[in-house]
2 protein chains.
Amino acid sequence: MRKKIIISYDGTNYGGWQIQPNRNTIQEEIEKKLSMLYAWQKIRVEASGRTDAGVHAIAQTAHYDEPDCPNLNNEKILKAMNRMLPRDIRIIRIEDVSDDFHARFSVLGKTYVYVINSGIENAFNSKYSWHYNGFKNIYEVRKSLKILEGKQDFSSFTVERNEIDNPERVITEAKLVSRGTYHFLCFTGEGFLYKMVRSIVGSLVFVGAGKIDSSQFKDILLKKDRREAFDTAPPHGLFLLKVYYNDEEYGKYDLNDIPVLRVR
Amino acid sequence: MRKKIIISYDGTNYGGWQIQPNRNTIQEEIEKKLSMLYAWQKIRVEASGRTDAGVHAIAQTAHYDEPDCPNLNNEKILKAMNRMLPRDIRIIRIEDVSDDFHARFSVLGKTYVYVINSGIENAFNSKYSWHYNGFKNIYEVRKSLKILEGKQDFSSFTVERNEIDNPERVITEAKLVSRGTYHFLCFTGEGFLYKMVRSIVGSLVFVGAGKIDSSQFKDILLKKDRREAFDTAPPHGLFLLKVYYNDEEYGKYDLNDIPVLRVR
């Protein structure tokens with residue numbers, strides 16, 4: 001039986017999703033605990049995609065194939081897993097899916113949200129937002145986000161790209177929601193290049209700070225050259241908010257799922 | 001010059017406030033970084049009191065005496081410290097105080113808040129609240145909290161107490177604020193015994209779950225015997241919210257300062 005699992009994680013203490021030597025990873029934690037659950041049989045978990053070291057997920061999606069085992073229902077699996085897993089990784093939901101569901105290949109799209117805090121930093125918001133003073137040129141930021149929508153060559157906003165890969169991606173919605181001193185930069189698209197959202201945000205903060213305007217931001221995009229853009233934004237402000245597998249749910253997300261940390 | 005500092009910290013990765021061998025502590029981090037700031041002179045930081053391993057602080061208060069040093073103003077100290085400190089410890093404010101101010105001896109009172117989540121647990125709220133299903137007998141919880149107000153012998157709600165110490169403390173306000181699935185148990189008092197709030201909460205959840213009522217809760221208090229109470233609640237739901245040094249501010253706190261983590 002194939003199982004679909006929805007996972008939330010605080011990326012702070014992990015080297016990202018994907019298993020790698022010498023670093024704690026989310027995938028390793030989950031595979032290890034699933035293996036314990038299924039009498040030490042090896043379980044392979046496939047996610048919708050990797051997230052980098054330090055990046056958070058509100059609803060990462062993955063699947064695994066259940067081995068022959070005693071009758072464990074989904075509720076029991078969820079409870080047992082959450083008892084074994086560290087508190088910064090939680091299984092939110094688990095459901096049976098057909099064998100043709102694939103967490104990575106069946107994806108229609110995803111929403112990433114990058115959180116910027118232009119207010120006071122405390123020990124809690126500091127881990128879930130990028131503290132950036134003077135993000136205030138909201139009108140120009142909104143214009144810049146509109147420029148990103150549609151099919152674009154995002155060569156300027158990715159790193160370590162393999163030259164043969166297609167650098168075009170479709171962003172169906174790029175928008176800004178501001179609440180108090182928090183600015184949520186929301187990107188929904190069919191696919192994203194490596195470090196694409198963080199690269200975009202790294203240049204968008206210069207628009208927000210009034211150092212460049214939206215037409216200069218557009219120039220960066222059109223140059224199709226990574227060297228034209230500014231530094232990549234740090235990982236701790238980035239959330240994988242939702243992964244879409246069917247047309248009805250595509251692009252429907254709730255920003256309230258992002259931890260909103262009031263500031264003193 | 002004596003400096004008063006307000007500190008926020010996420011206690012998750014620390015062995016509490018007070019310096020101890022073989023564990024990372026908040027005090028050690030701050031003293032180390034202050035020492036770096038003041039050209040490696042030894043600086044001693046005195047807090048309003050300790051917090052235990054895993055307990056968080058929204059506004060811990062401490063003081064230190066500035067050594068002879070080049071002219072660093074408070075804004076510079078704050079910025080430099082927050083650049084050097086790990087992100088889960090933040091200096092919120094720094095101000096000059098007179099030499100007779102003492103972070104521990106001048107305290108008039110404190111507010112602690114314990115957060116219970118009876119909704120779905122995710123990777124974020126799981127670190128800042130105790131996930132406890134079935135906390136719903138709100139009326140009896142409120143009655144139990146009223147019983148705690150005033151001067152009481154809290155022997156039933158403390159651990160490792162030195163028999164010669166006075167087990168009486170004054171709680172000026174004990175109240176419950178519920179928001180969605182989150183329950184904030186707020187305790188304001190002139191002083192607290194070791195693990196007192198967590199011991200109280202450990203028994204209050206049995207009231208919330210309907211396993212005992214407020215008169216049985218009162219019996220536990222009146223027995224003045226730790227063995228009558230239930231287990232101590234875990235540290236990760238507890239926040240030191242505010243420390244009071246003058247009558248005008250006493251008991252005035254804002255629950256919005258607690259990280260409120262919306263749940264999916």
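Predicted model: local features only at pLDDT ≥ 70, side-chain atom pairs only at ≥ 80, totals over all residues.
Residues are numbered from 1 along each chain as its sequence is written, and chains are lettered from A and ligands numbered from 1 in the order in which they are written.

**Contact between the chains**
- Chain A gives 25 residues to the contact and chain B gives 25 residues, where two residues are in contact if their C-beta atoms, placed from the backbone, lie within 7 Å.
- On the side of chain A that touches chain B, the elements giving two or more residues are β1 (2-9), β3 (56-65) and β4 (89-97) of chain A.
- The largest share of that side, three residues, comes from β4(A). Strands (E, at least two residues) and helices (H or I, at least four) are DSSP runs numbered from the N terminus.
- By class, this side of chain A has 11 nonpolar, five polar and nine charged residues. Ala, Val, Leu, Ile, Met, Phe, Trp, Tyr, Cys and Pro count as nonpolar, Asp, Glu, Lys and Arg as charged, and the others, Gly among them, as polar.
- The copies meet through the same surface, because 100% of the interface residues of chain A are also interface residues in chain B.

**Domains of chain A**
- Chain A is divided into domain 1 (2-97) and domain 2 (109-250), with bounds from an automatic or database domain assignment.
- The C-alpha centres of these two domains of chain A lie 27 Å apart.
- In chain A, 14 residues of domain 1 are in contact with 12 residues of domain 2.
- The side of domain 1 of chain A that touches domain 2 has five nonpolar, eight polar and one charged residues.

**Nonpolar cores**
- The largest nonpolar core has 67 residues, and I7(A), Y112(A), V113(A), Y114(A) and F239(A) have the most contacts inside it.
- Such a core is a set of buried Ala, Val, Leu, Ile, Met, Phe, Trp, Tyr and Cys residues joined through C-beta atoms within 7 Å. A residue is buried if 20 or more other C-beta atoms lie within 10 Å of its own, exposed if 12 or fewer, and partly exposed in between; C-beta atoms are placed from the backbone.
- Helix α4 (residues 196-208) of chain A gives the largest share of this core, seven residues.
- Both domain 1 and domain 2 of chain A give residues to this core, so it lies between them.
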